[in-house]
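Student: I would like a close look at one part of this model, the aromatic rings. Please take me through them slowly.

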Amino acid sequence: MDAITIITGQRTGAGHLFALLRNIEAVAARDGLFVDGDVNATATLDAAEAEARAEGQSLLVVKATSAMPRDMVERELLGRTGMRAVVVVRRLIDAYVSLAKATALNAFRDRDLTNVKVRLDPDHFTAWLEEQEDWYGHWQEWLLRRSFPVPILRYESHLSVPPEAVLRRFSSAAAQVGITVRVPAALPHPGLVKQDRETAAAFRVKNWPEFSKALVERDIEKRAFGYPI
């Protein structure tokens with residue numbers, strides 16, 4: 001069976017992508033398959049493949065986040081026969097603010113957080129930023145060393161768009177790794193509801209002037225407003 005691992009981090013829009021993939025009958029989208037850890041990961045994948053085959057599906061899609069051990073991701077996911085990879089990223093500052101807001105209220109889905117503002121610690125953000133850059137950079141290098149394609153979906157231009165456009169971009173990414181995905185005309189599953197309608201980070205952070213100044217002083221402002229790869 002064909003399979004794709006979505007390499008991503010937290011609050012990148014990957015969950016929305018998985019929800020939209022439910023519209024494609026041939027795709028078995030298994031978001032959160034490893035939420036309980038890496039115990040018996042091979043058995044978990046084998047079971048997911050068997051279930052997908054029984055349902056007449058030909059493509060298994062799973063997710064690897066920066067919270068998962070790298071050796072497990074390499075051994076059980078990317079090292080698995082037939083597995084390909086697609087990367088999902090979001091501007092780092094926006095992913096971090098989104099994560100901070102969701103964590104503060106323990107509300108990661110189905111709750112409007114637009115009016116919520118959080119106070120950010122520049123030291124914590126700097127450490128988190130470096131972790132994200134290291135995570136993504138590691139897998140980009142891993143894939144390139146093996147001459148594998150590295151298709152990238154960016155939240156702002158590929159996921160925060162109408163559902164049909166999201167799925168067409170995923171189909172294009174899948175084609176880059178040798179897999180054909182046909183987008184249906186009807187899309188009954190709308191995906192996840194956006195939790196934060198405010199787009200500017202400055203209006204979502206209580207201490208933005210101080211935080212922004214700290215980014216400049218650390219010479220990481222450009223990295224903060226960019227992508228990990």
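Student: Why are W135 and W139 separated by about one helical turn?

Tutor: This is a predicted model, and what follows is computed from it. W135 and W139 both belong to helix α5, which covers residues 122–145, and they are separated by about one helical turn because they are four residues apart in that helix. A pair of aromatic rings is described by the distance of the centres and the angle of the planes. For W135 and W139 the centres are 5.8 Å apart and the planes make an angle of 80°. Planes over 60 degrees apart count as edge-to-face, and the W135 and W139 pair is therefore edge-to-face. Both of these residues, W135 and W139, are buried.

Now take W208 and F211. Their ring centres lie 5.8 Å apart with the planes at 45°, so this pair is tilted. W208 and F211 sit in helix α8, residues 208–217, and because they are three residues apart there, about one helical turn separates them. W208 and F211 are both buried. They also belong to one aromatic cluster, whose other members are Y96, F125, W128 and F225. The count of aromatic pairs comes to nine.

The ring of W142 has the charged end of R146 sitting over it, 3.9 Å from the ring centre. Over the ring of Y227 sits the charged end of R154, 4.5 Å from the centre of that ring.

Notes. Residues are numbered from 1 along each chain as its sequence is written. This is a predicted model: local features need pLDDT of at least 70, side-chain atom pairs count only at pLDDT 80 or more; totals for chains, interfaces and linings use all residues. Side-chain values use heavy atoms; hydrogens and water are left out. Rings of Phe, Tyr and Trp (its six-membered ring) pair if their centres lie within 6.5 Å; planes under 30 degrees apart count as stacked, over 60 as edge-to-face and the rest as tilted. Helices (H or I, at least four residues) and strands (E, at least two) are DSSP runs, numbered from the N terminus. Buried means under 20% relative accessible area, exposed over 50%, partly exposed in between (1.4 Å probe, protein chains only). A charge sits over a ring if NZ of Lys or CZ of Arg is within 6 Å of the ring centre and within 35 degrees of the ring normal.
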